[in-house]
Amino acid sequence: MSNTQQLQDFTTQVRRDILRMVHAVNSGHPGGSLGCAEFFVALYQELLDRKPGFDMNGIGEDLFFLSNGHISPVFYSVLSRSGYFPVAELATFRKLNSRLQGHPTTHEGLPGIRMASGSLGQGMSVAIGAAQAKKLNGDNHLIYSLHGDGELQEGQNWEAIMYASAKKVDNLIATVDLNGQQIDGSTDDVLNLGNLKVKFEAFDWDVLEIKEGNNIEAILAGMKEAKSRTGKGKPVCVLLHTVMGNGVDFMMHTHAWHGKAPNDEQLATGLAQNVETLGDY
Amino acid sequence: MKKYTNTGSKDTRSGFGAGMTELGQKNENVVALCADLIGSLKFDDFKKNHPERFFQIGIAEANMIGIAAGLTIGGKIPFTGTFANFSTGRVYDQIRQSVAYSDKNVKICASHAGLTLGEDGATHQILEDIGLMKMLPGMTVINTCDYNQTKAATLAIADHHGPVYLRFGRPVVPNFMPSDEPFVIGKAILLNEGTDVTIVATGHLVWEALIAAEALEAKGISAEVINIHTIKPLDEAAILKSVAKTGCVVTAEEHNILGGLGESVARTLALNNPSPQEFVAVNDSFGESGTPEQLMEKYKLNNQAIVEAVEKVLKRK
């Protein structure tokens with residue numbers, strides 16, 4: 001167990017990794033990655049019951065699936081700093097012959113990744129399948145998944161949401177990154193999602209909200225509450241209110257940095273706001 | 001050469017159902033998923049015998065493919081079942097990302113392929129599925145010809161690690177492959193030896209090719225007939241060996257002329273032994289309503305069409 005300061009220091013380093021990775025190749029998705037940094041750190045450092053090493057079938061451990069694969073920078077940073085592969089490999093992000101593809105994939109054999117994602121809307125179905133495999137195997141561990149809010153515009157999600165409650169997939173905690181932004185603007189402007197809590201509840205999910213989705217302590221408390229609600233006949237949805245671009249002031253509260261890399265000057269500004277803690281890769 | 005005769009007509013999808021019943025008993029990791037078509041896919045026995053391993057997904061094929069991919073994580077071997085159209089075109093990106101690119105051990109089993117679905121018409125008669133599936137890296141593509149071969153293929157793909165597309169059909173057709181004929185993925189089966197022309201057929205057209213070979217024999221033409229159940233990986237050696245002897249080939253399939261078996265054979269020949277080829281296939285069109293027999297006649301996918309194609313290709317030798 002780490003204390004809050006240690007987790008915050010970890011998160012600061014993850015932010016530096018994200019900025020440096022996307023800057024190095026002048027591409028990638030920093031906004032959503034920064035917004036979910038605290039969530040990933042809480043997940044991999046505190047919440048997941050993980051086994052050492054990596055086994056694709058993941059029997060006897062909690063599993064995580066990233067559906068909105070474009071926030072691969074935060075996923076890669078946290079996976080590497082949680083021991084799945086060497087931190088130095090972050091320098092290969094989006095480069096030729098790398099295991100760190102633009103969007104996560106199993107194809108290159110990167111430990112920690114169990115499913116390709118990038119084409120949106122597919123992760124919840126996969127997470128449900130993995131959850132049902134756990135039940136068949138008599139494995140009491142949980143499946144966690146993360147989805148973008150804009151991603152819920154993809155219809156396959158609603159097939160999956162309907163199915164999960166009907167079939168009582170209650171070993172699944174699906175978290176929605178509620179940052180209110182997507183490529184073309186705010187989710188309200190592009191295609192209003194309406195009240196997601198009401199929608200998930202109408203589909204008979206158990207829904208809870210984490211209002212401060214960039215506060216480590218709030219995330220830990222909320223996710224522990226979510227975990228306590230598993231095994232009761234309903235899938236659990238966490239609406240995680242985050243700020244896109246969190247921790248880098250000029251990237252916050254806008255969709256502008258969804259898929260755009262900082263230039264040299266902007267990188268320097270962003271790094272100055274996030275001083276090195278665990279050592280850069 | 002052994003003589004293949006119709007031992008009693010059956011539908012290929014019942015061969016799939018029989019294979020699933022046997023797999024359910026033999027392999028506890030096999031699970032089945034269906035999108036509201038249990039009866040059509042002949043899943044009834046599997047569902048009854050193994051309710052905990054049967055997943056009724058509802059009319060949500062995209063979700064079905066994703067759930068199948070997820071089930072492999074945990075060691076399950078999922079067999080999805082729906083019509084060929086909804087098994088491929090409707091869910092192409094789900095198969096591409098969550099199954100093929102993710103290297104997942106999912107068996108996509110598709111009934112009611114091609115024109116012989118019949119009266120439902122073109123919305124349901126996919127003629128592009130072989131092409132769609134064979135273009136996916138790592139995907140094995142199998143199109144079986146009768147009840148026995150479909151059952152054998154169903155059992156064989158459970159032991160093969162990797163994504164598979166298994167295509168079969170709706171109508172009752174002659175059952176002529178011996179029930180003890182080994183099914184080896186990627187290995188063609190020589191049904192009839194000949195010296196003048198090679199007929200490479202898949203699916204329902206294999207029986208038609210055997211009938212055509214008899215008719216050709218009466219005309220003094222010696223036709224070699226090869227049953228290609230696996231379109232990818234294609235048994236190129238068997239095809240090249242035969243064409244080296246006969247010097248020309250006719251391909252026959254219940255599929256669009258674009259993207260199917262014929263193109264795979266043409267590519268093989270172009271690279272190794274350019275030879276005259278004629279195609280028995282649908283000429284880049286959609287289907288329509290009608291009985292299977294009427295449709296196969298109208299779209300020239302029967303033994304007469306194969307005979308005509310042979311006569312044409314012989315003139316080009």
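Reader: What should I know about the numbering and the model before we start?

Author: Residues are numbered from 1 along each chain as its sequence is written, and chains are lettered from A and ligands numbered from 1 in the order in which they are written. The model is predicted, so to speak of a local feature we need pLDDT of at least 70, side-chain atom pairs count only at pLDDT 80 or more, and totals for chains, interfaces and linings use all residues.

Reader: What do the chains contain in the way of helices and strands?

Author: Helices (H or I, at least four residues) and strands (E, at least two) are DSSP runs, numbered from the N terminus. Chain A has ten helices and seven strands, while chain B has 13 helices and 14 strands.

Reader: Why is A:D204 called partly exposed?

Author: Count the other C-beta atoms, placed from the backbone, within 10 Å of the residue's own: 20 or more is buried, 12 or fewer is exposed, and in between is partly exposed. A:D204 has 15 such neighbours, so it counts as partly exposed. It sits in the loop between α8 (196–202) and β6 (206–210) of chain A, and its phi is near 70°, a positive value in a residue other than glycine.

Reader: Then what makes B:D103 buried?

Author: B:D103 has 20 C-beta neighbours inside 10 Å, so it counts as buried. This residue also has a positive phi, about 55°, although it is not a glycine, and its loop lies between α6 (92–100) and β5 (107–111) of chain B. Across whole chains, 52% of the 281 residues of chain A count as buried, and in chain B buried residues make up 61% of 317.

Reader: Why are α3(A) and α4(A) called roughly parallel?

Author: Axes are lines fitted to C-alpha atoms, for helices over the stretch in contact, with angles from 0 to 180 degrees between N-to-C directions. Under 35 degrees is roughly parallel, over 145 roughly antiparallel, 65 to 115 roughly perpendicular, and the rest oblique. The axes of α3(A) and α4(A) cross at roughly 30° and come within 10 Å, and the two helices are therefore roughly parallel. A:A37, A:F40, A:V41 and A:Y44 in α3(A) meet A:V74, A:F75 and A:V78 in α4(A). That contact has seven nonpolar, no polar and no charged residues, where Ala, Val, Leu, Ile, Met, Phe, Trp, Tyr, Cys and Pro count as nonpolar, Asp, Glu, Lys and Arg as charged, and the others, Gly among them, as polar.

Reader: Why are α1(B) and α8(B) called oblique instead?

Author: α1(B) and α8(B) pack at about 40°, with their axes 7 Å apart, and are therefore oblique to each other. Among the residues that meet are B:F16 and B:L23 in α1(B), and B:Y147 and B:L155 in α8(B). By class, the contact has seven nonpolar, seven polar and two charged residues.

Reader: How do you know that chain A touches chain B?

Author: Two residues are in contact if their C-beta atoms, placed from the backbone, lie within 7 Å. By that test, 28 residues of chain A are in contact with 23 residues of chain B. The largest share of chain A's side, ten residues, comes from α5(A). That side has twelve nonpolar, 13 polar and three charged residues.
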